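Please look over the sequence and the structure shown here before reading on.

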Amino acid sequence: MATAQVGVVILGAGPAGLVLGNLLLERGIDCVILERRSRAAVEGRARAGFLAAHSVRVLTEHGLAAGLLARGKTHTTCLFRSDRGEFTLDYGKLGQGEAHTVYPQQELVRDLVAEYLRRGGEIRFGAEAAEVTGGTVRVPGGADVTGRYVAGCDGHRGSGRAALTARGVRTARRDNGVSWLAVLVAAPPSLDAVGYALHERGFAGHMARTATVTRYYLQCPRGTDPADWSEDRIWDELVTRMRTAEFGPLREGTVLEKAVVDLRSDVLAVPGVGRLWLAGDAAGLISPSAAKGANLAVLQAESLARALETALAQNDRIGLARYAADCLPRVWRAHEFSHWMSGLLHGPAGPDDDEARYARQLQYARLESLRTSRAHQDFFAENYTGI
Ligand code: RFL
């Protein structure tokens, strides 16, 4: 059974779908969001935390930033550690002079859900989009929903992406071959900055989230089971890789969550065809090495809202073609930097042979260039904060 047609059916209530929904409502376009999980699950899922200046500008311009402006923390420095010492980059004074705002993704999602509902929007939680055909979305156990357009914002494993690839849209893909154990701990940040530690045992990272919660990353082999990492093992490894004997202790706390993230990236050749258009992780997955995923989701949602407004008002798809043309070069810049970061952070895996020694020396040379070259630092800052 099909319900009445809406302007846009949005799949997924993550950052991409919720920003898009809010921007469409602001433009007077009717939409409905289908989300397969419960509201509590969506609002409790801890992932990203670093919002680029562009994301903050978009959210502010559209009345979606009250929470992050009130509770987010500004970050302008990051530091690098290795057996050659430690240095800090004040990226807020380099490149374009931009900052990050640290605001946990689940809090942003909570704010976006509340604002979307306040604007009169409809979200169906527990409604999984099983299949997209033309403008119609099949929801098992519920009524089909039809829109003039469908926006697939349902992540990398969602139905939007599956429908596009089934239509022959091709993907460009890279597997970095490494994984990270992503850990969330109940402890205040140990550093004022994001910390990147290069170590022969593998990369370790420190990222602030809130005054009481910190995210840490530990590079681990592909196929790692998080259950093999006890709290003691996690802290022992963090202490070693973050070189606390040399640079000072970490503030330890209970491990709240641990998950393994494989560093993989891909981009669809076009983010939409006909009545189906994608944004966020659905359109492409970016490895978390440079914290770009949520920022690309906001960028694409803003651009897609504009394109859909034109398409609905003028009944043409020029705006949608422009969406692809505008976004893809920026997406690829983010991927290029993410790939560069990955090369900086990860030493060679496997035996200590000639190739491994060569790869490690390249890693140190890159780090040394970043420590000493103002041009390199400006490049870093521009790409680190830009989108
Ligand atoms: P999301 O957030 O995955 O939301 C998709 C939503 O769609 C729902 N869904 C469906 N609903 C209906 N029908 C279906 N068939 C559906 N299939 C799925 C899901 O339940 C979900 O609610 O995608 P979106 O909106 O594109 O947002 C992308 C971001 O979440 C992601 O890129 C970032 O979290 C990546 N990321 C980071 N990005 C940053 O910009 N800065 C960071 O600091 C940062 N840190 C991270 C990260 C990702 C991480 N993990 C877990 C991969 C840290 C980690 C550990």
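## Strand pairing and overall form

Asp-266 has Leu-285 of strand β19 as its opposite residue. This pair belongs to a model that is predicted. The strands concerned are β16 and β19 (residues 284-285), which run antiparallel to each other and are joined by two bridges.

Strand β16 (residues 254-268) also pairs with strand β12 (residues 171-186), again in the antiparallel sense, over 13 bridges. Within this pairing, Leu-184 has Glu-257 of β16 as its bridge partner.

Elsewhere, three strands form an open sheet in the order β3-β7-β4, with antiparallel pairing. Its edges are β3 (50-51) and β4 (73-75), each of which pairs on one side only. Strand β7 (residues 100-102) is joined to β4 by three bridges, and the two run antiparallel. Lys-73 lies opposite Val-102 in β7.

| Strand | Partner strand | Bridges |
|---|---|---|
| β12 (residues 171-186) | β16 (residues 254-268) | 13 bridges |
| β16 | β19 (residues 284-285) | two bridges |
| β4 | β7 (residues 100-102) | three bridges |

Helices are present as well: the protein chain holds twelve helices and 19 strands. One of the helices is α6 (residues 159-166), in which Ser-159, Gly-160, Arg-161, Ala-163 and Leu-164 are buried. After α6 comes Gly-168, with a positive phi near 95°.

What radius of gyration does the protein chain have, and what would a compact globule of 387 residues have? The chain has 21 Å, and the value for such a globule would be near 21 Å, so the two agree. Along its principal axes, the C-alpha trace spans about 65 × 40 × 35 Å.

Of the 387 residues in the protein chain, 55% are buried. Among the contacts with a separation of 6 or more, 74% are made by residues 24 or more positions apart. The accessible surface of the chain comes to about 16400 Å², and carbon and sulfur atoms account for 49% of that area.

Finally, the charges may be considered.

Notes. Residues are numbered from 1 along each chain as its sequence is written. This is a predicted model: local features need pLDDT of at least 70, side-chain atom pairs count only at pLDDT 80 or more; totals for chains, interfaces and linings use all residues. Side-chain values use heavy atoms; hydrogens and water are left out. Helices (H or I, at least four residues) and strands (E, at least two) are DSSP runs, numbered from the N terminus. The radius of gyration is taken over C-alpha atoms; the globule rule is 2.2 Å times the number of residues to the power 0.38. Buried means under 20% relative accessible area, exposed over 50%, partly exposed in between (1.4 Å probe, protein chains only). Contact means heavy atoms within 4.5 Å. Accessible areas come from the Shrake-Rupley method with a 1.4 Å probe; for residues, only the protein chains shown count as cover. Two strands pair if DSSP finds at least two bridges between them.
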